[in-house]
Structure formats: structure tokens, C-alpha cells
Amino acid sequence: MGLTKSHNKQTQALALKNIIKKDSNLRDDNNNNSYPTDVPKGHFVVYVGETRSRYIVPISWLHHKGFQSLLRQAEEEFGFNHGMGLTIPCHEEDFQSLFSVMG
């Protein structure tokens, strides 16, 4: 059981690292204007709720237990390779509450 938890955390960490690396590669490509310029270094974009509201969050949130819980829910519902950006499956009000505590 402990091996499974460790393996799941490693898999999740690798998937997130790939998402962030992909975002960084897009930003470094001067010929690619598809990456939003309003995302500061050290941050990434998540989409929240039914309306997929866009939030810019610091990478440091990846270590926060509350955010990790949301990431596990996202992985269970969508997986990390669905092409829709990192989507958090929770009500926007709940995310805003977490955002205000962590931010």
C-alpha cells in the first residue's frame, strides 16, 4: 500500500513537472504568441469550476496539502493529458476560499 501511494505521488509529480515544463517552453519560444503573457515566471494557470474560470497560481502551491488534494481530484476526473489545461473539478467559491487562505 505504501508503495502505491509513493508511486502515485511520483506519477503525479512527473505529470505536473511536464505540464509546467511545457508551459515554460511555450513562453521561451518568441515565435509562439499562443502562450499568455500575463502569467509571471514561477506561476501557472488552472481552470476552475463549470465555467472554467482562469486563475494564475504560484508553483509553490504544488506543495500545499489543500492544493494537492484538488490535484488528485483533477487527476481522477480528467487525467493530466486531456489537452484542456489543468482543470480543477471544484466549485469556484471553494477554490476562491482556498485561494484566499493560501494567497
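Phe44, Tyr55, Trp61, Phe67 and Phe95 form one aromatic cluster in this predicted model, in which local features need pLDDT of at least 70, side-chain atom pairs count only at pLDDT 80 or more, and totals for chains, interfaces and linings use all residues. Residues are numbered from 1 along each chain as its sequence is written, and side-chain values use heavy atoms, with hydrogens and water left out.

In the whole structure, four aromatic pairs are found; rings of Phe, Tyr and Trp (its six-membered ring) pair if their centres lie within 6.5 Å, and planes under 30 degrees apart count as stacked, over 60 as edge-to-face and the rest as tilted. The ring centres of Trp61 and Phe95 are 6.2 Å apart and the planes stand at 55°, so this pair is tilted. Trp61 belongs to the loop between strand 2 and helix 2 (65-78) and Phe95 to helix 3, so the pair ties together parts that are 34 residues apart in sequence. Both Trp61 and Phe95 are buried (under 20% relative accessible area, with a 1.4 Å probe and protein chains only).

The chain contains three helices and three strands, which follow the pattern α-β-β-α-β-α along the sequence. Helices (H or I, at least four residues) and strands (E, at least two) are DSSP runs, numbered from the N terminus. The three strands form an open sheet in the order 2-1-3, with mixed pairing; two strands pair if DSSP finds at least two bridges between them. Strand 2 (53-58) and strand 3 (87-88) are the edge strands, each pairing on one side only. Strand 1 (residues 43-48) pairs with strand 3 in the parallel sense over two bridges, and Tyr47 stands opposite Thr87 in strand 3. Over the face of Tyr47 lies Arg52, at 4.9 Å from the ring centre (for Arg, CZ within 6 Å of the ring centre and within 35 degrees of the ring normal).

The largest nonpolar core has 17 residues, of which Val46, Val57, Phe67, Ile88 and Phe95 touch the most other members. Such a core is a set of buried Ala, Val, Leu, Ile, Met, Phe, Trp, Tyr and Cys residues joined through side-chain atoms within 4.5 Å. Strand 1, strand 2, helix 2 and helix 3 each give two or more residues to this core. Leaving aside neighbours within four places in sequence, Val57 is in contact (heavy atoms within 4.5 Å) with Gly42, His43, Phe44, Val46, Phe67, Phe95 and Phe99. Buried residues make up 30% of the 103 residues in the chain.

Key. Buried < 20%, exposed > 50% of the residue type's maximum accessible area, 1.4 Å probe, protein only.
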